[in-house]
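Dear colleague,

I am passing a structure on to you, which you will find just below. My notes on what was found in it follow.

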Amino acid sequence: MSVTATHPKPPGTDDRAQARRVLTGDRPTGRLHLGHYFGTLHNRVRLQDAGVETYLVIADYQVLTDRDTADRLDEHVEDLVLDYLAAGIDPARTTMFVHSAVPALNQLLLPFLSLVSIAELGRNPTVKDEIAHSRQASVSGLMFTYPAHQAADILFCKADLVPVGQDQLPHLEVTRSIARRFNDRYGPVFPEPGALLSDTPLLLGTDGTKMSKSRGNAIALSATADETARLIRRATTDAGRHITYDPDHRPGVSGLLRLAALCLGRKPEDIAAEIGGAGAARLKQIVTEAVNEHFAPLRARRAELAADRTAVRTILREGNARANDLADATLHEVRNAMGMSYA
Ligand code: TRP
């Protein structure tokens, strides 16, 4: 399994076998792209298939941290579920739920907020970065509370492993602090979850920089074969005719080679050697074919699932119900531990 934990269990133990419960999630801001797929989605499916109990939060409230509107949020949520299902997430084994549909999460938020300082939240590098790139006229209070919000996402199900990108590590530190401080103050309730980082290096977009929807350089998982061909045809390469794998000096060419390599299960250097003097046109042809072939089954499955939106909504309703049961049970425990049980 090509994953490594940043907070390893005692030496010699296998994290996959150790992990009892995994939680991870995404903001519903649009369709997922190949960077998401190779970065995290693929690993989530592998964990699920390895028999680990898995939870996936669709963090709808988090969308409000950096933008003013929740435009088409319900459509984005359904798109996300379709991407998950098409990629191999199985609703019988993985609970997919929407944050706002689980009210007990927000009841956990208040005690959690009492356990972190404003200074801690203010110096969180991810929060700082989001403030710098915010699409809001001013920074909202929600922006500062959302790491605690995310701690509730993770701790409500007592997850012990969280597969995330590097950018989310500061949030996981907040979560671990909250769990530790809660346990110290009120007695043992929460595990301190570890991060699971993918060892796949960042996938570059068609302009040679990090693949991201907002940069317009992303290939959606759900793109058609023609759309994929068009995006790759427009990809940035360079003037060197001979194709070589050199990520530092040739980001465009190397990004394309890596994408082909991931799809074909081969080494980028070998693909480069094979193309040699045939140049960027041949490279683009190879990448397009590799992507379209690799994702054809996923795309076909997605199209089929998209034709039955009622089924998607049912899956979500069932996931929400399961998450609510678990969140209610945890909230009950929290209230007992805090001496706030009035029933
Ligand atoms: N903040 C994450 C992102 O922007 C999404 C997210 C919300 C998340 N809750 C989570 C990720 C809990 C891991 C665990 O991508």
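Rings of Phe, Tyr and Trp (its six-membered ring) count as a pair if their centres lie within 6.5 Å, with planes under 30 degrees apart called stacked, over 60 edge-to-face and the rest tilted. Across the whole structure, a search finds eight aromatic pairs. One of them is edge-to-face and joins Phe 97 to Phe 156, at 5.3 Å centre to centre and with 70° between the planes. This pair links distant parts of the chain, since Phe 97 belongs to strand E4 (residues 94–98) and Phe 156 to the loop between H8 and E5, 59 residues apart; helices (H or I, at least four residues) and strands (E, at least two) are DSSP runs numbered from the N terminus.

Please keep in mind that this is a predicted model, in which local features need pLDDT of at least 70 and side-chain atom pairs count only at pLDDT 80 or more, while totals for chains, interfaces and linings use all residues. Residues are numbered from 1 along each chain as its sequence is written, and side-chain values use heavy atoms, with hydrogens and water left out.

Turning to the ligand, 13 residues surround it, the closest being Arg 27, Gln 62, Gln 150, Asp 153 and Gln 168 (a residue counts if one of its heavy atoms lies within 4 Å). A polar side-chain atom of Arg 27 lies 3.0 Å from a ligand oxygen atom, and an N or O atom in the side chain of Gln 150 is 2.9 Å from a ligand nitrogen atom.

Best regards

Key:
Polar contact = N/O pair within 3.5 Å; in protein donor to acceptor, adjacent residues only side chain to side chain.
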